[in-house]
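Dear colleague,

I am handing over the structure below for your review. Please read the notes that follow alongside the sequence and the coordinates.

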Amino acid sequence: QVQLVESGGGLVQAGGSLRLSCATSGRTFSWYVMGWFRQAPGKEREFIATINWSGGNIYYADSVKGRFTISRDNAKNTIYLQMNSLKPEDTAVYYCAEVSGTYLREGYYSHKSYDYWGQGTQVTVSS
């Protein structure tokens, strides 16, 4: 069973930076896709970024493009989300997610395509 554990959330002022980490254990597939999503109170879970096992396919939501960077360290079974120029509207619980294999049944941007989820980490950006 794949398990994901996020860390790195916290409180930061607008314009600041944070780096989130997501460590994976129990993976048995060599091919996988991982993503970052976020959910603010009263809103639906929102796609942020995705990266595949090779790092060759990376996509971002328009709302974070140019500010956030997703990366991976295969030796540590960890992906990262570097968040710069944070805005109050970035405040949310951030989740990492994973799906085994290469098939994303509803596209890389849909939370329904991912099978495994972390517990989430809170990011709060003050104005």
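This is a predicted model: local features need pLDDT of at least 70, side-chain atom pairs count only at pLDDT 80 or more; totals for chains, interfaces and linings use all residues.

Residues are numbered from 1 along each chain as its sequence is written, and side-chain values use heavy atoms, with hydrogens and water left out.

Disulfide

A search of the whole structure finds 1 disulfide (a pair of cysteine sulfur atoms within 2.5 Å). This bond joins C22 to C96, with an S to S distance of 2.0 Å. The torsion about the S-S bond of C22 and C96 is about 55°, so the disulfide is right-handed. C22 belongs to strand β3 (residues 18-25) and C96 to strand β9 (residues 92-100), so that the pair links distant parts of the chain, 74 residues apart. Strands (E, at least two residues) are DSSP runs, numbered from the N terminus. Both cysteines, C22 and C96, are buried (buried means under 20% relative accessible area, exposed over 50%, partly exposed in between, with a 1.4 Å probe and protein chains only).

Salt bridges

The search of the whole structure also returns 6 salt bridges (a side-chain nitrogen of Lys or Arg within 4 Å of a carboxyl oxygen of Asp or Glu). One of them is formed by the side chains of R38 and E46, at 2.8 Å from N to O. R38 is buried, with a relative accessible area of 6%, whereas E46 is partly exposed at 31%.

R38 also forms a salt bridge with D90, the closest N and O atoms being 2.9 Å apart. D90 lies in the loop between β8 (78-83) and β9, and R38 in strand β4 (residues 32-39), so the pair ties together parts that are 52 residues apart in sequence. D90 counts as buried, at 1% relative accessibility.

A further salt bridge brings together the side chains of R105 and D115 (2.7 Å, N to O). Both R105 and D115 are placed in the loop between β9 and β10 (116-117), 10 residues apart. R105 is partly exposed at 42% relative accessibility, and D115 is partly exposed at 41%.

Finally, salt bridges that share partners join R38, E46, R67 and D90 into one network.

Yours sincerely

How values were computed:
Helices (H or I, at least four residues) and strands (E, at least two) are DSSP runs, numbered from the N terminus.
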